[in-house]
Amino acid sequence: MITHIDHIVLTVADIEATVTFFKRVLQMQDSTFAKGRRALHFGNQKINLQTLGMEARNRAAVGSGDLCLITDWPLAQVIEHLCAQAVDLLEGPVTKSGAQGAITSVYFNDLDDNLIEVSTYS
């Protein structure tokens, strides 16, 4: 029935600050759509951004996100890049379970305290 995730939505305090952070730290691309809404893109994936109360049917709180992102960089290079961007690592590298098997991950928080996991498959 379900084949894949089309997009996810993060509720953030400041959309433009979030765009800047994700572009700088995770090298994502940004776009504007549907009456000025903002999104982040990587590969075939999209993260839509909203502020608290922007979407009445969404009850998510700022900082309630928890994302696992797969990288094609070696994890040592990811760690080096994150350190160069002054991102504090919370944990890792550690072995975890991904959707397709074992992954090795590092964790950090974005500007809103969403938990970001960057991982590689073995």
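Author: Gladly, and please keep in mind throughout that this is a predicted model. To begin with one side chain, Phe-21 has a relative accessible area of 6%, and because buried means under 20%, Phe-21 counts as buried.

Reader: Is Phe-22 buried or exposed?

Author: The relative accessible area of Phe-22 is 1%. Since the limit for a buried residue is under 20%, Phe-22 is buried.

Reader: What kind of aromatic pair do Phe-21 and Phe-22 form?

Author: A pair of aromatic rings is described by the distance of the centres and the angle of the planes. The structure holds 1 aromatic pair, and in this pair of Phe-21 and Phe-22 the centres are 5.7 Å apart, with 75° between the planes. Because planes over 60 degrees apart count as edge-to-face, the pair of Phe-21 and Phe-22 is edge-to-face.

Reader: Which residue lies over the face of Phe-33?

Author: The contact is described by a distance from the ring centre of Phe-33, which is 4.2 Å. The residue that lies over this face is Lys-46.

Reader: Where is Gln-27, and is it buried or partly exposed?

Author: Gln-27 has a positive phi of about 55° although it is not a glycine, and its place is the loop between α1 and β2, the latter spanning 29-33.

Reader: What is the phi of Ala-86, and in which loop does Ala-86 lie?

Author: Most residues other than glycine have a negative phi. Ala-86 lies in the loop between α2 (75-84) and β6, and it is exposed, with a relative accessible area of 67%. Although Ala-86 is not a glycine, its phi is positive, at about 60°.

Reader: Is the peptide bond from Gly-92 to Pro-93 cis or trans?

Author: Most peptide bonds are trans. Pro-93 has its place in strand β6, which covers residues 89-98. For the bond that runs from Gly-92 to Pro-93, omega is near 5°, and the bond is cis.

Reader: How many Å apart in space are Ala-17 and Thr-95?

Author: Ala-17 is placed in helix α1, made up of residues 15-26, and it is partly exposed, with a relative accessible area of 31%. Along the sequence, Ala-17 and Thr-95 are 78 residues apart. In space, taken from C-alpha to C-alpha, Ala-17 and Thr-95 are separated by 31 Å.

Notes:
Residues are numbered from 1 along each chain as its sequence is written. This is a predicted model: local features need pLDDT of at least 70, side-chain atom pairs count only at pLDDT 80 or more; totals for chains, interfaces and linings use all residues. Side-chain values use heavy atoms; hydrogens and water are left out. Rings of Phe, Tyr and Trp (its six-membered ring) pair if their centres lie within 6.5 Å; planes under 30 degrees apart count as stacked, over 60 as edge-to-face and the rest as tilted. Buried means under 20% relative accessible area, exposed over 50%, partly exposed in between (1.4 Å probe, protein chains only). A charge sits over a ring if NZ of Lys or CZ of Arg is within 6 Å of the ring centre and within 35 degrees of the ring normal. Helices (H or I, at least four residues) and strands (E, at least two) are DSSP runs, numbered from the N terminus.
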